[in-house]
Amino acid sequence: MTLSAQPIESICILGGGSAGWMTAAALAHKLAGLPVAITLVESEEIGTVGVGEATLPAIRSFNTALNIDEAEFMRFTQATFKLGIAFKNWGRIGDSYIHPFGDFGQKIDDLPFYQHWLRLRRQGYAHRLDDFAYSILAAEQARFRRPSSDPDAVESSFGYAYQFDATRYAAYLRQYAEARGVRRIEGKVIDASLDSETGHVACVALNNGARIAADLFVDCSGFRGVLIEQALKTGYDDWSQWLPCNRAVAVPCESRGPLIPFTQATALESGWQWRIPLQHRTGNGHVYCSDFISDEAAAARLLGNLDGPTLADPRQLYFTTGRRRLFWNKNVVAIGLAAGFLEPLESTSIHLIQEGITELIQILPDKRFLASDRDEYNRRMALNFERVRDFLLLHYVATQRDDSEMWRYFRAMTLPDSLQEKISAWMTRGHLIRYEFGVFLPPSWVAVLIGQNLIPHGYDPRADRLSFDQVFAEAEAMRARIGKAVAAAPGHAAFLQQAGAASGVEPLSAKAVLG
């Protein structure tokens with residue numbers, strides 16, 4: 001006998017921060033009009049990590065789906081536009097390149113432009129592949145405009161994301177969610193009761209004596225994993241063998257110099273340093289492996305590399321790279337740091353939150369909590385995490401550096417089969433294996449592989465269908481068009497003003513946020 005569907009009637013989100021309030025806002029919007037009560041439990045005694053300030057272009061889809069006004073959101077969160085990530089000293093000391101949010105050039109003879117560039121390069125062509133990426137040239141010149149809707153225009157070949165204050169983003173979404181019926185309860189979870197028959201979480205007990213019952217629990221409690229791990233003992237897959245960095249120290253400083261539309265990641269001897277420019281300050285951090293450097297030396301290295309005076313004391317973070325063995329266990333779905341952690345080298349923290357929310361909405365369970373739904377969610381999220389893991393690891397192993405113990409560790413590493421297969425296919429003729437799931441599309445892989453000096457031995461033979469002179473002429477015309485278009489774009493700071501996104505007022509009230 002098949003039981004009929006019984007829609008869930010209550011959802012409890014454990015934890016605030018970006019993960020909790022993104023989940024609450026999305027569920028409140030997508031489930032509007034349905035008889036589903038959404039509660040979020042958080043404690044002001046428990047801080048949030050709050051340093052996930054750089055994002056990927058998919059965040060625009062998230063905000064747009066919630067009908068969030070871009071300029072208003074940017075003013076509230078002191079956001080800047082982001083065209084990509086600049087990497088320095090990764091392939092070799094002194095090297096630099098930008099991973100752009102966009103493509104390299106436009107197709108010629110129905111082949112990706114980079115294949116033609118590989119052919120031109122073998123015959124002495126001197127111009128960088130970067131010279132064909134609108135977003136790279138705009139980033140280098142601190143310019144910005146929104147992409148064109150004309151698919152034939154070179155200005156349509158890129159995307160963009162944001163660099164924002166994560167704490168303010170959570171506050172913004174809290175106002176949004178509460179105005180749409182989400183109930184916030186102040187309290188700290190001290191116990192979870194499990195159903196004796198199903199093993200599901202039946203309710204959570206708070207330190208103020210309250211007990212919260214729900215059909216579905218979303219664990220956004222951070223590294224602790226209060227429900228997914230402490231209550232359900234789900235287990236954790238430790239990926240430290242591939243990504244050994246396990247600590248970070250973060251500190252904001254005063255903004256100095258031009259307001260640039262990109263994040264910076266500079267490789268160091270025992271890790272790397274981030275620099276994220278916001279409107280009101282610059283976020284900085286040093287991600288490192290404690291096997292290769294002490295906490296004191298890591299903090300000193302960071303503080304010696306800042307652009308301006310610090311605005312707060314350095315904050316120490318500890319983590320283990322990896323993921324939960326199940327993202328969805330029983331009636332608990334883990335999102336954010338409760339689900340896993342991958343270092344923020346490619347700004348994936350908020351994106352993985354977004355993926356978790358999106359997949360949950362698509363496979364929203366009913367009270368039966370079908371195993372097929374759980375299995376599919378876990379399959380999709382596992383692939384998302386593994387694809388990001390491989391892409392991050394690529395930065396460490398596509399290197400010629402051997403100047404420190406950490407870099408020698410990576411050069412001797414045996415890679416995951418999935419990454420080794422991808423690199424091998426690339427080195428043969430520039431072929432990129434497409435993944436079923438994964439945020440990083442071929443141009444992203446091309447940027448890192450070529451930017452870190454992994455030049456293929458050959459190229460797609462179809463690139464030889466046109467004569468060298470014809471390809472050269474088309475490439476030069478394309479390069480000129482892109483350069484001219486970038487030169488016509490306004491400066492980044494000027495565009496923020498023109499778009500009404502520049503902050504200069506106090507944080508918006510809930511009424512202003514909601515219009």
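Predicted model: local features only at pLDDT ≥ 70, side-chain atom pairs only at ≥ 80, totals over all residues.

Visitor: OK, what's the strand order in the open sheet of six strands?

Guide: The order is β7-β2-β1-β11-β20-β19, with mixed pairing. Helices (H or I, at least four residues) and strands (E, at least two) are DSSP runs, numbered from the N terminus. Two strands pair if DSSP finds at least two bridges between them.

Visitor: Which strands stand at the edges?

Guide: β7 (183–186) and β19 (328–329). Each has a single partner strand, so one side of each is left without a neighbour in the sheet.

Visitor: And in what sense do β1 and β2 pair?

Guide: Parallel, over five bridges. β1 covers residues 10–14 and β2 covers residues 37–42. C12 has T39 in β2 as its bridge partner.

Visitor: How much of β4 is buried?

Guide: Four of the five residues of β4 (residues 84–88) are buried, so the strand is largely enclosed by the rest of the structure. Buried means under 20% relative accessible area, exposed over 50%, partly exposed in between (1.4 Å probe, protein chains only).

Visitor: What does β4 pair with?

Guide: β5, antiparallel, over five bridges. F87 stands opposite Y97 in β5. β4 also runs parallel to β14 (residues 263–267), joined by four bridges. There K88 has T266 as its bridge partner.

Visitor: Switching to helices. Which residues of α2 are buried?

Guide: I59, F62 and N63, in a helix that spans residues 58–65. They cover an arc of only 95 degrees around the axis, which puts them on the same side of α2. The arc is that of the directions from the helix axis to the C-beta atoms.

Visitor: Why would spacing like that work?

Guide: An α-helix has 3.6 residues a turn, so residues three or four places apart point the same way.

Visitor: What covers the buried residues of α2?

Guide: The cover includes α1 (17–30), α3 (70–77), β6 (161–163), α6 (166–179) and α9 (349–362). Contact here means heavy atoms within 4.5 Å.

Visitor: Pockets next. What's the volume of the second largest pocket?

Guide: About 760 Å³. On a 1 Å grid over the protein atoms alone, a pocket is an open set of points where a 1.4 Å probe fits, with protein on both sides within 12 Å along at least five of seven lines; lining residues have an atom within 4 Å of a point. The volume is the space filled by probe spheres set on the points, which are joined across faces, edges and corners.

Visitor: What lines the second largest pocket?

Guide: 34 residues, of which D103, R434, L441, P442 and P443 lie nearest its centre. β5 (96–100), α4 (113–122) and α13 (442–451) each give two or more residues to the lining. α13 gives the most, with four.

Key: Residues numbered from 1 in each chain as written. Heavy atoms only, no water.
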